[in-house]
Amino acid sequence: MEQKWTTIVKTENKFFDMDIKGLKNCKDLIFLFVRRTFVAKYKQTVLGPAWAIIQPFFTTVVYSVFFGNIAGLGASGVPNFIFYLSGTIVWTLFSSCLTETSHTFTGNSAILGKVYFPRLVMPISTAISQFIGFFIQFAFMLCFLVYYMITDAGVSPNLYILMTPVLLIQLAVLGMGFGMIISSLTTKYRDLAMVVSFGVSLWSYCSPVAYDMFSRSQLAPGTLLYKIYMLNPVTPSINIFRYAFLGTGEIDWMFYTISCVTTVAVALLGAVMFSKSEKTFMDTV
Amino acid sequence: MEELAIKVENVSKEYRLGAIGGATLKGEIQSGLAKLLHKEDPNLKIGEKAHGKNERFLALDDLSFDIKKGETVGILGHNGAGKSTILKLICRVTAPTKGNIYLNGRITSMLEVGTGFHPELTGRENVYLNGAILGMSKAEIDKKFDEIVEFSEVGQFIDTPVKRYSSGMKVKLAFSVASHLDSEILIMDEVLAVGDINFQNKCINRMNKVAEKDGRTVVYVSHNMATVKSLCQRCIVLGHGKKIFEGSTEEAIAVYMQNDEMDNAVFFDTSKAKRHPKCNKRHLLQNLHLYETETNKFSYGDVVPFRIEWNSENDDERLLMKMVINGIDTTPVGVIFGGELEHKKGVNTAEYKLDTSYLVPGKYTVDVILYDQDQAGSVMFYDRATALRFDVEHGDKSENLKHWFKDWGNAVLPCIERI
């Protein structure tokens, strides 16, 4: 009788060996992890999921007052508040995907050290759970959008709104890709964990979150600085998002294509590094 | 050929001792660059060689074994023998350095209690989460939910956050989830240690049922020989990452228990052995010598002379001696009283003879106890030490015990006489 094997555990030295097949059976697990993250986050808080709104709300207020009014970096043509709010929530989606997935190995070593399930479940479910917070914030933003439309404050949503899912998924995948790279490296070098938190906040200043790039003459399209600036893969996506909902700014398709290519490259690199380290990270973490 | 569930083939697992890598990115880049440029590594300490930088440690060394489908197999070994490492490899938590492991069927592991329990979630939520982590779909858990809760005995608290559970309750719930899964292979590492005795028995019954009725394979690791005995059909004993024995549970336990230098000795030095803190050591056992034999293996019915030597700090205290005989799994067989010992200050000796016809053929250890007891029954312990290890083997006189069954116990009481 021929012996049948369902699984073969091999040595660690393979280039890319990911349990994609097993991932398909993990829909329930992903769902439960998402639920766990969400429920656990707001347990024993009085305000609960309202916290998801409070954070971007106050960030937006501070941005509007200091950057928009005092420093004069605000948007032209649309109210500062909705301009900053839209930028903040999109940026938060990206940055939280990045920071949360970057803790995948170090933060979950207790579970991961004891049972096997396709490791990719962790970053995927973390990324998905970021969307829950985002949708709450997004609904909050839509309320203001409707208010500004009624008061005729210069906002003009257009058909590019249909691009939204693509933009959001692209940003989440980009954040996840960077997060996986960092989390693979932090299994050995904890240095990177230190870099993540301030690195992300520095990155936000290199992206059009706290100011309107199109009202800055230094960043006018065609200049060298503009070209360098637009290489930041987050920038074109934020620009399209704002253009779609507020009708402000411009869309530069060439740089958006570059951004998408970057995203795919980062995600692939992240997956390869993740699959390399998922086998033995328990020995070093 | 019977169908196999697990096949471990020439598996080695290597760990590096000491700090891993350069510990910082900078150090690692420096070392890496130096290697590329064929220069000396700036992070090496003087006298170190490039490849001997970290000493390597083989947790598993070319280990191979097979486990058949539907078997319950125990893995025994002292701390550091590689038990947990092989379980981790089988569970795919980490990958082997060399060799392959072949698995047939889904695996459920309970390497430690409450794997993946989230303290903030309720018992109910955790059952689903834990089940899913262990590879069950939501529909499967739905079907088994009531059964799981009933088995766990925590039904009343199922909607309370797990952080308010006692450790026993967590174990019970975790065990229930894992043992109700439909996976083909179940891996358990010391899980039963926390539950109370009733629950332990319940678990063992459950495991036996799971193995016998459903034909599932169970791999069990524990230092608790009583549970190993009642659960496992077969055992593998590991020592320093290698397999040193594979066979019946009784033999394996014996190999495991005597896996040290006391094997086949006739002189047992106890002067440096660890003592119970209750002992006041005023009279301290130095050694025990089987002075008439060359081996500690006796035939049933042999009467074995031995000499004990002890050190007394005074000569005016009353000194009594008794011996507790233990079976190989440390369950006591019985006590023998040695009466009062005359002694002077300094080294003393006394000779006794031990009748093995009271002991069923098997392996035994003996604790010698020096003590005094007053009229009221309160006991003064001078010393207690495991001083002897011996085997009783079948002989001419063990006819009645040829078909000994473990339910009989290990002591042979004197025959009863007809009146």
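Which residue of β4(B) does A:Thr7 stand opposite? The legends below, all drawn from a predicted model, begin with that pairing.

**Figure 1. Strand pairing across the two chains.** A:Thr7 stands opposite B:Leu103 in β4(B). The two strands concerned, β1(A) and strand β4 (residues 98-103) of chain B, run antiparallel and are joined by three bridges. B:Arg92 counts as partly exposed because it has 18 C-beta neighbours inside 10 Å.

**Figure 2. The contact between chain A and chain B.** Chain A contributes 32 residues to the contact, and chain B contributes 40 residues. On the side of chain A that touches chain B, the elements giving two or more residues are β1 (7-9), α2 (27-42) and α13 (281-284) of chain A. Of these, α2(A) gives the most, with six residues. Sorted by class, this side of chain A has 14 nonpolar, seven polar and eleven charged residues.

**Figure 3. The nonpolar cores.** The largest nonpolar core has 131 residues, and those with the most contacts inside it are A:Leu29, A:Phe94, A:Val121 and B:Ile187. Helix α4 (residues 80-102) of chain A gives the most to this core, with twelve residues. When residues up to four places away in sequence are not counted, A:Leu29 touches A:Phe117 and A:Val121 as well as B:Ala132 and B:Ile133. A second, separate core of 27 residues includes B:Phe298, B:Met321, B:Val333 and B:Val368.

**Figure 4. A hairpin in chain B.** Strand β14 (residues 320-327) and strand β15 (residues 332-340) of chain B run antiparallel, with seven bridges joining them. Within this pairing, B:Ile325 has B:Gly334 of β15(B) as its bridge partner. Four residues lie between β14(B) and β15(B) in the hairpin, and B:Thr330 in the turn has a positive phi of about 70 degrees.

Figure 5. B:Asp383 lies in strand β18 (residues 379-393) of chain B, and it is buried because 25 other C-beta atoms lie within 10 Å, where 20 or more are required. Apart from its neighbours within four places in sequence, B:Asp383 is in contact with several residues, among them B:Arg275, B:Cys279, B:His283 and B:Leu370. The C-alpha atoms of B:Asp383 and B:Asn280 are separated by 6.8 Å, although these residues are 103 residues apart along the chain. B:Lys281, another contact of B:Asp383, lies in the loop between β10 (267-269) and β11 (283-289) of chain B. B:Lys281 has a positive phi of about 65 degrees although it is not a glycine, and it counts as partly exposed because it has 13 C-beta neighbours inside 10 Å.

**Figure 6. A bent helix in chain A.** Helix α9 (residues 191-205) of chain A has 15 residues, which at 1.5 Å a residue should span 21 Å, and its end C-alpha atoms are 22 Å apart, so the two values agree. α9(A) bends by about 35 degrees at A:Ser197.

**Figure 7. Chain B as a whole.** The secondary structure of chain B comes to eight helices and 18 strands. Of the 419 residues in chain B, 37% are buried. Among the contacts in chain B between residues at least 6 apart in sequence, 72% join residues at least 24 apart.

Methods. Residues are numbered from 1 along each chain as its sequence is written. Chains are lettered from A and ligands numbered from 1 in the order in which they are written. This is a predicted model: local features need pLDDT of at least 70, side-chain atom pairs count only at pLDDT 80 or more; totals for chains, interfaces and linings use all residues. Two strands pair if DSSP finds at least two bridges between them. A nonpolar core is a set of buried Ala, Val, Leu, Ile, Met, Phe, Trp, Tyr and Cys residues joined through C-beta atoms within 7 Å. A residue is buried if 20 or more other C-beta atoms lie within 10 Å of its own, exposed if 12 or fewer, and partly exposed in between; C-beta atoms are placed from the backbone. Two residues are in contact if their C-beta atoms, placed from the backbone, lie within 7 Å. Ala, Val, Leu, Ile, Met, Phe, Trp, Tyr, Cys and Pro count as nonpolar, Asp, Glu, Lys and Arg as charged, and the others, Gly among them, as polar. The expected span of a helix is 1.5 Å times one less than its number of residues. The bend at a residue is the angle between axes fitted to the seven residues ending there and the seven starting there.
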